[in-house]
Amino acid sequence: MNKFLLFILAATITACSSNRVDTIVHHAVIYTVDSAFTVVEAMAIKDGKIVATGTNDAITGKYQADSVVDAKGAAVYPGLIDAHAHFMGYGASLFQVELYNTTTWEETVDRIVAFAKVHPEIKFIRGRGWDQNKWPGKKYPTNELLNQRFPTTPVLIERVDGHASIANAAALELAGIKPGDKVVGGEIETKNGVLTGVMIDNGDAAVNAKIPAPTKEELTAWLQAAEKNCFAQGLTTITDCGLSHQDVDFIDGLHKNNQLNMRLYIMLSDKDANYEAFLKKGPYKTDKLFVNGFKVYADGALGSRGACLLKHYSDQPGWGGFLLRNKSHYDSLAQVLSKTNFQMCTHAIGDSANREVLNIYNKYLQPGNDKRWRIEHAQIVAPEDFNLFGKVNVVPSVQPTHGTSDMYWAEARLGKDRMKGAYAFKDLLKQNGWLPLGTDFPVEDISPFKTFLAAVVRKDAAGYPAEGFQMENALTREETIKGMTIWAAKAGFLEKEVGSLEVGKKADFILLDNDLMKVAEQDILKTKVTATYLGGKRVY
């Protein structure tokens, strides 16, 4: 063989090798969610990243792969990103009493009794999901019935939003709580000299401290169960709001041992031990884990009347909620974090809480900064305070399903005038031109399709209200997709890695049986994920 033929052969082998990829997806409607919201037909993936996108002919003609996915016209989107959730808490909830959508207090207690019969080995019963607003009278119960059914076994059940709890007498006694006890940033309810078991916000801290710590095996089971459900919903990156440095170490170990694959952006909880563990060494980053923020709580929730309002609750004159810490705490913390690369991410529901936090942020942030400090929820904002977001690039991180969950009773809490600044997603979007979306699961359902419905249509699953809830603040379909992908990534400084299907980015993507950009309103919640890919590998 002469030198020329050898050269041609070598060149051919090199060309074939360079055009060899791991996976090709073709005959799809691929929403890249790049800056132009480009739609392509095919893409090629190698070593977990996208190497090319384009037409069917261009990709299949140039590249060869062992794994070839014919999407048969299906819609393909970037892997969905939840910008605000509680991944570990959700995993734990899967192994507790499920109390969502109970219609009476009696039904709630019956569920706990049924759970206890199936799990006699559990010595401290926990549950979550009840909402007194769905019960007759819409008032908190007392723990009398719970005490009758569980005279010796401690029981603690959290409200749907996690900002109120009910404990039985056994749990209160274990925690050493007495009638009339007071706590900063919370309430322990006492009536006629008797503990009712109802505790608001920090009120249940002493009881929580008595809950047995989970074993490593239990923690692993929680996280793996959560991951399985998230992948089934098309979620490939989750923001977990408020973990400990020990939780981070445990998750990191699972990642490194290939026992957990979910990509996680983690906010550390507002605890001294977490600051001591991370402030000096700075953010921590791996391929699947990014620890880059601190989750701070300014107030409670509207449903439990713990949200801090500028004026009193319309349905409870004389009561305006409260901040969970002294104002000086938030100010000093902002001063410290402003000198670091960590994001300050503060839960603020009420208009007073939002104002306090926004004023502090504006004190320490400069116009044009790219620190991406966040307000989590930003549910009720006074009209004159919206500009405080855009002035120093504060990121409002919102959860659309909170609006459709609260719409039945929110006006009773706030009155008609204050509702104008409540769940105002469009107004918040205008501040910076982008808006990350989440679910806050397990407070709300894990389904990102419910997020899409609530943001675009602003109705519940039954189609209520017919005209939509405050439709002036609805988002477009494109805005909502961006909020669930690239903008959610940007909220955690991950937009260069995930959130869109562009060359060089991680090949996290999903196939759907309905196209969210085109599906009829009534069919949005019927949408199913048919496949989920993480780093080019199918995980669902």
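Analyst: Strand 13 gives the most to the lining of the second largest pocket, with three residues. The model is predicted, and this pocket has a volume of about 320 Å³. Its lining holds 15 residues, and those closest to the centre are Tyr140, Glu187, Glu189, Arg305 and Gln316. The elements that give two or more residues to this lining are strand 13 and strand 14. Sorted by class, the lining has six charged, five nonpolar and four polar residues.

To see where they face each other, find Lys191: it stands opposite Val194 in strand 14. In general, strands of a sheet pair through backbone hydrogen bonds, either parallel or antiparallel.

Return to the pocket and pick out Arg305, one of the residues closest to its centre. Arg305 is in contact with Gly321. Leaving aside neighbours within four places in sequence, Gly321 also touches Gly306, Ala307, Cys308 and Tyr313. Where is Gly321 found? It is in the loop between strand 18 (289-297) and helix 11 (327-337). Gly321 and Gly300 are 21 residues apart in sequence, yet their C-alpha atoms are 8.0 Å apart in space.

For another site, turn to Thr401 in helix 14 (residues 400-406). Is Thr401 buried or exposed? It has 7% relative accessibility, so Thr401 counts as buried; the cut-off for buried is under 20%. Beyond its neighbours within four places in sequence, Thr401 is in contact with Thr439, Glu444, Lys450, Thr451 and Ala454.

Last, check the confidence. The chain averages a pLDDT of 95, and 97% of the residues score at least 70. Residues 9-15 are another matter: pLDDT stays under 50 there. For that stretch, the model has one contact beyond four places in sequence. Where pLDDT is low, the predicted coordinates should not be read in detail.

Methods: Residues are numbered from 1 along each chain as its sequence is written. This is a predicted model: local features need pLDDT of at least 70, side-chain atom pairs count only at pLDDT 80 or more; totals for chains, interfaces and linings use all residues. Side-chain values use heavy atoms; hydrogens and water are left out. pLDDT is the predictor's confidence in each residue, from 0 to 100. Contact means heavy atoms within 4.5 Å. Two strands pair if DSSP finds at least two bridges between them. Helices (H or I, at least four residues) and strands (E, at least two) are DSSP runs, numbered from the N terminus. Buried means under 20% relative accessible area, exposed over 50%, partly exposed in between (1.4 Å probe, protein chains only). On a 1 Å grid over the protein atoms alone, a cavity is a set of points where a 1.4 Å probe fits but cannot get out, and a pocket is an open set with protein on both sides within 12 Å along at least five of seven lines; lining residues have an atom within 4 Å of a point. Grid points are joined across faces, edges and corners, and a volume is the space filled by probe spheres set on the points. Ala, Val, Leu, Ile, Met, Phe, Trp, Tyr, Cys and Pro count as nonpolar, Asp, Glu, Lys and Arg as charged, and the others, Gly among them, as polar.
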